[in-house]
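Subject: Handing over a structure, with notes

Dear colleague,

I am passing the structure below on to you, together with some notes on what was found in it. Please keep it open beside this message while you read.

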Amino acid sequence: MRYYDKLIFELSKPGRKGWSLKDSFCGGAAAPAAPVPSGLCRQTPLGLPEVSEVDVVRHYTNLSQMNFGVDTGFYPLGSCTMKYNPKINEEISTLFDDIHPLQPESTVGGVKEVYEKMDSCLAAITGMKHFTFLPCAGAHGELTGLMLMKEYHISRGDTARTKVIVPDSAHGTNPASAAVCGFEIIVVKSGANGLVDVESLKPLLGPDIAGIMMTNPNTLGLFEREIREIAALVHGCGGLLYYDGANMNPLLGMVRPGDMGFDIMHLNLHKTFSTPHGGGGPGSGPVGVAEALVPLLGKPHVSGFHGNAAVILKAYAYILTLGREHISMAGKLATLNANYIKESLKDVYKLPIPTVCKHEFVFDGLLNDGAREGVAGATTLDVAKRLLDFGFHAPTIYFPLLFHQALMIEPTETESKEILDEFIEVMRKIAAEAAEDPDILHQAPHDTPIGRPDETAAARNPILQYR
Amino acid sequence: MSKIVEGLLYSESHEWVKVDGDVAIIGVSDFAQEEMGDITYVDMPEEGDEVAAGEEFGALESVKASSELYSPVSGKVVAVNSAVEDSPELINEDPYTNWIIKVKMSDSSELNSLLTAAAYGQKL
């Protein structure tokens, strides 16, 4: 891979052009239809880069080569569900290319129809009553959901509920969203089996509890088997249950958060429903609620910046492509793939909780890190860096915080057995290297344009300006 | 092995206290800075703020995590160490010299519930 980090402005040469159009076509000296007040007219020419077509093509192609995405290779980033983004969804989403959020609602009936159909699809999949499509990402959904939780209690005159419970294995966004919403955070411990410990939960419950936030399966990839009891306990003290939908993938078409007892939830359309994310596209985090909270959602609208319409359309296309008959295959295969990798590597990587997992699982570093007199052992960071040399994206590392060397692998359902086998073989090779000579790992990656950025220096003395 | 300094008092949440008359000088232990890794930011209270024993008064952020700071005693903040605010790495370099805040104690009997160096060492 060739290192490339130029700005297109650096390629600019005065007078160089990639187009030739008549002045009258693109405005030029022609007067605008409605006169612009002179004070608002630009006094200097627009500062655009002056480049040829081939400059532009090479520039963006080179930049794209600096990227690694799910279209490039295997991307087992735990808790992120980097499943393949079917291209038919992109094609279909172009139907919304020519509309504007400020168009009158009467002219965007098609968008309204898609929103309504998605509302029924998601309600059927999750067991919620209705969804709002306003939130544009997972954490945005969490905040929206918690504001609904707060408003629900206040609307009933119940103003003493100031605390939200989160498990110690929670996604960091859960306590963060609750704090932004003005709640005090109470942490409930996990038991040795990695699940929320019901006995530790009981003493936390009371008239000051607004609710609990959980993801199921949790961040260790384990199904919270006592969720029904937890729901009964939390409802018993007057609290609500919030479902963080980041880990919904294995449950798709199999188990519904509504049936588990959850009252509010968000879905990450950009995870579970295959729309691109990361650098690949905007997210969408629709929030669903049980019947009692429906009045708080307000009247549904589509115009005026109500959610990422094209993303919702892509997710709708995904649901229709799989259909009611096949949608559960996503979760089954994701679960099978995760268990296959886990079982194939647990003799060389430390598996702290050796039970059947859902769509992802967590290792706690290498079983043999190669540490010896004068040689430091290979850490999870070293394993992750070494994977880059073999053309794989690294898994999530050092999360969840329950284990010091956490390495969280989520293969998703869209990978073939051949890819999984290749990954397993590489992970075994890396484990063997670590046992033999951990320095091979310490020096990795060897072939990427950037190796080991100094994260400490970047955090302490950030350089926020280009060059 | 983390360093523990004799003569200081310690909290279960890894803060240390050095008593100077009615003023408590507060920092974090060597164990805390080791666990945190390279500290990149110290979130400080302001001079004059009231703090309460067991309550949060600030936070440390590192490349790895963010961790709240809990005040071992109640009282009024009379000084904050701007040196560690500007250069958080000082806490990694010497957590016992580089204190974080000084608190004028409102109830010095709270010191009795803190751990001695020996008792803290046993906890680790």
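In what sense do strand 6 of chain B and strand 7 of chain B pair, and over how many bridges? Strand 6 of chain B and strand 7 (residues 66-70) of chain B are paired in the antiparallel sense, and 5 bridges hold that pairing. Before going further, please bear in mind that this is a predicted model.

Chain B

The link from strand 6 of chain B to strand 7 of chain B is a hairpin that passes through 3 residues, and within this pair B:Ala59 has B:Glu68 of strand 7 of chain B standing opposite. Strand 6 (residues 56-62) of chain B also pairs with strand 4 (residues 39-43) of chain B, again in the antiparallel sense, over 4 bridges; here B:Val42 has B:Leu60 in strand 6 of chain B as its bridge partner.

Chain B also has an open sheet of 6 strands, which follow the order 1-2-3-9-8-5 with antiparallel pairing. At the edges of this sheet stand strand 1 (9-10) and strand 5 (50-51) of chain B, and each has a single partner strand, so one side of each is left without a neighbour in the sheet. For strand 5 of chain B, there is an antiparallel pairing with strand 8 (residues 75-80) of chain B over 2 bridges, in which B:Glu50 has B:Lys76 of strand 8 of chain B as its bridge partner.

The sheet of chain A

In chain A, 7 strands form an open sheet whose order is 1-7-6-5-4-2-3, and the pairing in it is mixed. Strand 1 (130-132) and strand 3 (184-188) of chain A are found at the edges, each with a single partner strand, so that one side of each has no neighbour in the sheet. From one strand to the next, the twist averages 25°. Strand 1 of chain A runs antiparallel to strand 7 (residues 287-289) of chain A, to which 3 bridges join it, and A:Phe131 stands opposite A:Gly288 in strand 7 of chain A.

A:Lys129 counts as partly exposed, because it has 16 C-beta neighbours inside 10 Å. Leaving aside residues up to four places away in sequence, A:Lys129 touches A:Ala123, A:Val289, A:Ala290, A:Glu291 and A:Val294.

The helices of chain A

Helix 5 of chain A lies across strand 2 (163-167), strand 3, strand 4 (209-214) and strand 5 (240-245) of chain A, and runs at about 175° to strand 2 of chain A. Helix 5 (residues 173-180) of chain A also packs against helix 4 (residues 138-155) of chain A, with the axes 9 Å apart and at an angle of about 45°; these two helices are therefore oblique to each other. The crossing of helix 4 of chain A with helix 5 of chain A is right-handed. Among the residues that make this contact are A:Leu143 and A:Leu146 of helix 4 of chain A and A:Ala178 and A:Val180 of helix 5 of chain A, and by class the residues of the contact divide into 5 nonpolar, 4 polar and 1 charged.

Not counting residues up to four places away in sequence, A:Ile341 touches A:Ile409, A:Pro411, A:Leu420, A:Phe423 and A:Ile424.

Where the chains meet

Lastly, the contact between the chains takes 6 residues from chain A and 7 residues from chain B. The side of chain A that touches chain B has, by class, 3 nonpolar, 1 polar and 2 charged residues.

Definitions and conventions:
Residues are numbered from 1 along each chain as its sequence is written. Chains are lettered from A and ligands numbered from 1 in the order in which they are written. This is a predicted model: local features need pLDDT of at least 70, side-chain atom pairs count only at pLDDT 80 or more; totals for chains, interfaces and linings use all residues. Two residues are in contact if their C-beta atoms, placed from the backbone, lie within 7 Å. Ala, Val, Leu, Ile, Met, Phe, Trp, Tyr, Cys and Pro count as nonpolar, Asp, Glu, Lys and Arg as charged, and the others, Gly among them, as polar. Axes are lines fitted to C-alpha atoms, for helices over the stretch in contact, and angles run from 0 to 180 degrees between N-to-C directions. Angles under 35 degrees count as roughly parallel, over 145 as roughly antiparallel, 65 to 115 as roughly perpendicular and the rest as oblique. A crossing is left-handed if the near helix is turned anticlockwise from the far one by less than a right angle, and right-handed if clockwise. Two strands pair if DSSP finds at least two bridges between them. A residue is buried if 20 or more other C-beta atoms lie within 10 Å of its own, exposed if 12 or fewer, and partly exposed in between; C-beta atoms are placed from the backbone.
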